[in-house]
Amino acid sequence: MVNLSEVKGTSRENRTAAHTHIKGLGLRSDGTAETAGNGFVGQTAAREACGVVVDLIRAKKMSGRAVLLAGGPGTGKTALALAVSQELGTKVPFCPIVGSEVYSTEVKKTEALMENFRRAIGLRVREMKEVYEGEVTELVPEEAENPLGGYGKTISHLILTLKSAKGTKKLRLDPSIYEAVQKERVAQGDVIYIEANTGACKRVGRSDAYATEFDLEAEEYVPVPKGDVHKKKEIVQDVTLHDLDIANARPQGGQDVMSMMGQLMKPKKTEITDKLRGEINKVVSRYIDQGIAELVPGVLFIDEVHMLDMECFTYLNRALESPISPIVILASNRGTTLIRGTQDITAAHGVPSDLLARLLIIPTHPYNPSEIQTIIRLRAKTEGLTISESALEKVAQHGVKVSLRYALQLLTPSSILAKVNGRQSIEPADVEECEDLFIDAKRSAQIVESADGAFIA
Ligand SMILES: Nc1ncnc2c1ncn2[C@@H]1O[C@H](COP(=O)(O)OP(=O)(O)OP(=O)(O)O)[C@@H](O)[C@H]1O
Ligand SMILES: [Mg+2]
């Protein structure tokens with residue numbers, strides 16, 4: 001029996017598999033780009049521009065603005081956006097979507113856009129909570145006869161002793177807390193805290209009294225907490241507005257922030273209405289006024305933005321003007337094209353001129369042969385392939401003649417052919433064989449032209 005409830009979606013991670021070699025923008029501390037750094041090669045002006053965007057986001061000066069990455073296919077637009085998210089770190093929300101994702105038969109497209117906008121706006125909540133915190137020195141479930149009769153025993157209480165720097169406290173807790181404790185896999189010698197009001201339990205780490213001399217360990221060792229066991233403690237939580245929407249779509253539990261957050265763990269599909277969003281915005285702004293919460297505008301990245309239609313663009317314009325808005329990064333590889341949803345209006349990048357006018361546009365340029373070679377070398381290394389210099393040159397030539405993408409895509413099949421041919425490293429012959437097996441777009445088009453009648457028109 002497969003336990004589906006434990007399965008986490010990975011769709012967001014898969015998309016970046018082609019960019020695993022990119023680790024950041026590769027900028028020096030003065031903001032200038034190294035020729036090659038963090039897996040990024042060339043495209044220095046665009047990288048520096050993205051660095052400025054990152055600084056503006058960190059300084060919270062960027063909300064409600066939009067940036068467009070514009071350039072031909074395979075010039076690193078998606079890679080740049082990914083690098084921006086890596087520079088921002090995990091505390092700033094980054095929500096990547098592709099323009100075509102907003103079309104669904106179940107959800108209105110503006111609704112889908114709105115949802116993603118809210119995924120890109122973070123909220124850092126600080127709350128003073130009454131907690132019991134310390135190192136677990138005793139953890140004993142107390143059993144009792146099953147009150148409903150029958151065999152077996154039930155847990156009636158949990159006896160938990162916590163030790164802090166100032167003293168120890170023995171607690172007799174409700175069985176529901178025992179479940180929370182088990183979920184966190186708490187054992188003797190761990191440092192934990194339990195919230196007095198909600199009974200939520202959090203494992204902080206292993207007490208450093210138990211630290212071993214091994215260097216390589218997954219365990220995080222923490223000191224025994226200072227102060228009393230029973231105390232007030234500031235707890236910081238990072239959530240997005242969308243998390244709050246979901247958590248409250250079917251409210252249960254208390255009205256405090258933490259119990260809203262407790263529900264984040266149980267994903268479920270419920271309808272989020274405009275009314276609910278309005279309510280949440282009100283609560284959020286109250287928290288912000290009271291100094292409990294702080295807004296963290298993140299990034300909404302819309303790749304292939306020309307896939308949006310007129311209606312979406314109008315919505316975007318308006319959403320960018322709302323007081324809480326993330327920074328929006330758009331990317332497009334189109335020149336002048338028809339705007340989707342119109343009959344005859346064309347515009348640069350397929351973006352209407354009124355939206356274009358408010359964008360900061362960062363151009364990306366095609367790579368020169370030596371940059372292409374460096375990128376291919378990097379990619380081969382990331383994929384764990386060995387390739388001879390002459391074969392590398394051959395692949396790079398394709399990068400120049402056809403496209404960087406085509407060249408990168410030749411790598412894996414070439415390595416398989418090399419193995420079939422009994423070689424450890426890729427040689428020019430393997431690349432050659434591969435070119436014949438997998439043709440590029442231009443050659444394919446030629447075949448279509450010349451094989452008049454063989455294809456269905
Ligand atoms: N400057 C670079 N340094 C290293 N790798 C790069 C660089 N530019 C692009 N790449 C890699 O080349 C491939 C194509 O780049 P990417 O997907 O970012 O292009 P794109 O501009 O988004 O193209 P498209 O318009 O077709 O979506 C990716 O695997 C990317 O990681
Ligand atoms: Mg792209």
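A residue is called buried when its relative accessible area is under 20%, exposed when over 50%, and partly exposed in between (1.4 Å probe, protein chains only). This is a predicted model: local features need pLDDT of at least 70, side-chain atom pairs count only at pLDDT 80 or more, and totals for chains, interfaces and linings use all residues. Residues are numbered from 1 along each chain as its sequence is written, and side-chain values use heavy atoms, with hydrogens and water left out.

Select Cys 312, which is buried with a relative accessible area of 0%. Now pick Cys 50, also buried, at 4%. With a disulfide taken as a pair of cysteine sulfur atoms within 2.5 Å, the count is 0.

**Stop two: strand β3.** Select residues 66–70, which make up β3; strands here are DSSP runs of E, at least two residues, numbered from the N terminus. 5 of its 5 residues are buried, so the strand is largely enclosed by the rest of the structure. In a regular strand, side chains alternate between the two faces of the sheet. Here, Ala 66, Leu 68 and Ala 70 point one way, and Val 67 and Leu 69 the other.

Strands pair if DSSP finds at least two bridges between them. Finally, click Val 67: its bridge partner in β14 is Ile 329, and in β17 Val 67 stands opposite Leu 360.

Definitions and conventions: Chains are lettered from A and ligands numbered from 1 in the order in which they are written. Helices (H or I, at least four residues) and strands (E, at least two) are DSSP runs, numbered from the N terminus.
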